[in-house]
Amino acid sequence: MTIGQLVRSLPAAAFVLGALARPFTPEDLVQTNRFSGSVAVSPDSASVAYIQARYSIEEKRQYTQLFVQSLVDGHRHHKSNHPVKIIEFSADARPNPPSAREEEDEILGGLKKHLKPSQPIWLSDTSLGFVATDPDTGKSTLYSVKNGKGRWSKPRPVVAMAVPISDLHFSTESGILAFTAEVYNGTDSLVETAKLDHHEKLRADTGQAYDDLWVRHWDTFVSSKLPQIYTLPLKALAKDHFKPKGEPINVISNANDNGRLEASNSFTFSPTGRHIAFVAKYPGRDYAWKTTSHVYLAAVDGSGAEPINPGKGGASSSPAFNHDGTKVAYVQMAATAYEADRNQIKVYDVAGQTTVEVAADWDRSPSHVQWLDSETLLATFNEWGHNKLAKVDVTSGIITPIVTEHSVGSVHKLPGLNKLLIDYSALDSPTDLFTVSIDDGAVNRVSQLNPELTNEVFLSPPEDVTFAGADNSTIHGFLLRPPNFDSQKKYPLAFVIHGGPQSSFTDSWSPRWNLNIFAAAGFVTVALDPQGSTGYGQNFTDAIRNQWGGKPYESLMRSLEQLLNEHPYIDRNRLAALGASYGGYMINWINGHSDVFKALVNHDGMFSTISTYYSTEELYFPETEFEGVPFDEKARENYERWSPERYVKNWKTPTLVVHSEKDYRLVVSEGLSTFTALRRQGVPARLLYFPDENHWVLKPANSLRWHQEVLAWISKWTAADGASPATPLGESPRFKVQGSED
């Protein structure tokens, strides 16, 4: 059985054109079981541990569960291959939940407080660690549970930290724990940082003062703390128990003469567990307009850390030691202010202190690399709408595919089994764990987090489509048909435009902008990758530079016309376009340049290129996209040329505008400006505002509201004359479409 057959092996009933399976709903989507964080493979490759998150609409609660599952049939530590739940935590997911005492009386009937598990790590073949952080004090504690003849013990504390910790790694070879913690400049002590945190809470004022840029990022204002990497030896006791030996050591505090580095979460142990390779960025004056970061090697005793790729260059990531620690592979971009440059594979020789480039002519951008053996790397990369996995010969640069269908996420080696463990998904299959044979690519399912979903719900399989775009380029994308599709009928179209803009639509599952939601609501759903998209070569990605409303717009509109000509079941008079981030920018651009759509949805989009430059955080992004700064006369012409605000007078199409308060990438005033421009001109519009979300809508109840509003809006404006909307609207007045019509 191929991977495609395995992933899409739904029960036969679901394939009868949806006749026996019900349509997919937003309620299904927000209640799917999901992996939370990274999975952890035991040292003997016999078990995998993972955190599973689940939301209940009825209970308004979020559940977090730690599971362990066998990877080997008949292993002595497991009674079966079914997942074993180690611990479960639940919490009220409402924005303003009742007090703990009221909650017990109202919902739980006296349920006692318990631990919320995160970050599983294996301390031995039979001992599993996980972190729980106290929401009141912020202190993190590492706990362990032990497997004894298939029975798991109760959690036992190993070590308590004074502050929250993350990015846990443990070397069973050296017995050393490594983790990241944010500490104040001037101290390496976690205890001292906790004291300073407490002092901050006692301040009478709330003011924060800044003397230079990088004031805030994504959804958080920058503080005087920086993430640092710490190590702590753990001593093994009898019966597989552990205790700390000494105090945590900051291994990177002395890595830079000019100030403290900011560590990323991209670090790894050497095979002996005596060194760490990590990625860090120096927070200097140009932090906001440069992407440069470096790979460092640090001794776990804190005696020193040195960069292996000093000097110029762009962002670095994914360091990985080979089997004996003599070489380090990593990827790095060449451009110093371009976050979408091609990742180039590098291999550093530790003894010789020399670096070679691997597969230099490969026109793809691998996101992650690791060693398979002494001569071969594993690389994941995006290509033509699929996140693939391949082997890379270090000497010749030859690329040998392993997985070419759907989308591979994380990859874990399974020593001794000649297999890999991957998380894997498709547009019609939620993420699960699979094993893949290194030799022949044979796959086997390990987990099935959502059996009810695949047994009861019809999920539309995607069809690859291509069209001729600007410069006669090939524009690739996906088409999904509604349940019970009949080519003799007419259907509305949901034309979805991705953000980035340097990203792509991939054959992968997502809790956000899930294409099957629109298909299930009765829309033929099409998602295309115009210029700027990744996975089609670096020239195609770069083609959007100083062309934001040019080549991508031309490609989308040309492709739309070809789509309508080739698929007559799409009703030309019932078209809706939807987009987020850059996709939201394109929605505003479309509104100023075309009236072919009956409805538009702009999620966190850009209104003005100039106002966005002065309010966003990552200045390297607009400075690269528009080739300079807006206070340079020549570059300002580029900003003004591609600003949607210039064409507001042409806006006519009813538009749903969605924006959130904690979006610091495209600030909320961009959404308010869009809504103002629409309503002041009498264009039907509706504003959906989230005070507690960032660039993404992540909270389950908010996600449900988002989907209900979006589907109601596009259904209202694309309904056939005298016909019902494509999707039924809720009876609650809260979800009633109330956009003004003039």
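Analyst: Contact here means heavy atoms within 4.5 Å. Keep in mind that this is a predicted model, where local features need pLDDT of at least 70, side-chain atom pairs count only at pLDDT 80 or more, and totals for chains, interfaces and linings use all residues. Residues are numbered from 1 along each chain as its sequence is written, and side-chain values use heavy atoms, with hydrogens and water left out.

User: What is Thr380 in contact with, leaving aside neighbours within four places in sequence?

Analyst: Pro366, Ser367, His368, Lys388, Leu389, Val408, Gly409 and Val411.

User: Why does Thr380 count as buried?

Analyst: Buried means under 20% relative accessible area (1.4 Å probe, protein chains only). Thr380 comes in at 6%, so it counts as buried.

User: And why is Ser144 called buried?

Analyst: Its relative accessible area is 4%, so Ser144 is buried too.

User: How do you know that the span of helix H8 agrees with what it should be?

Analyst: Helices are DSSP runs (H or I, at least four residues), numbered from the N terminus. The expected span is 1.5 Å times one less than the number of residues. For the 16 residues of H8 (residues 551-566) that gives 22 Å, and the end C-alpha atoms are 22 Å apart, so the two agree.

User: Which residues of H8 are buried?

Analyst: Among them are Tyr553, Leu556, Leu560 and Leu564. What covers the buried residues of H8 includes helix H9 (582-593).

Definitions and conventions: Buried means under 20% relative accessible area, exposed over 50%, partly exposed in between (1.4 Å probe, protein chains only). Helices (H or I, at least four residues) and strands (E, at least two) are DSSP runs, numbered from the N terminus.
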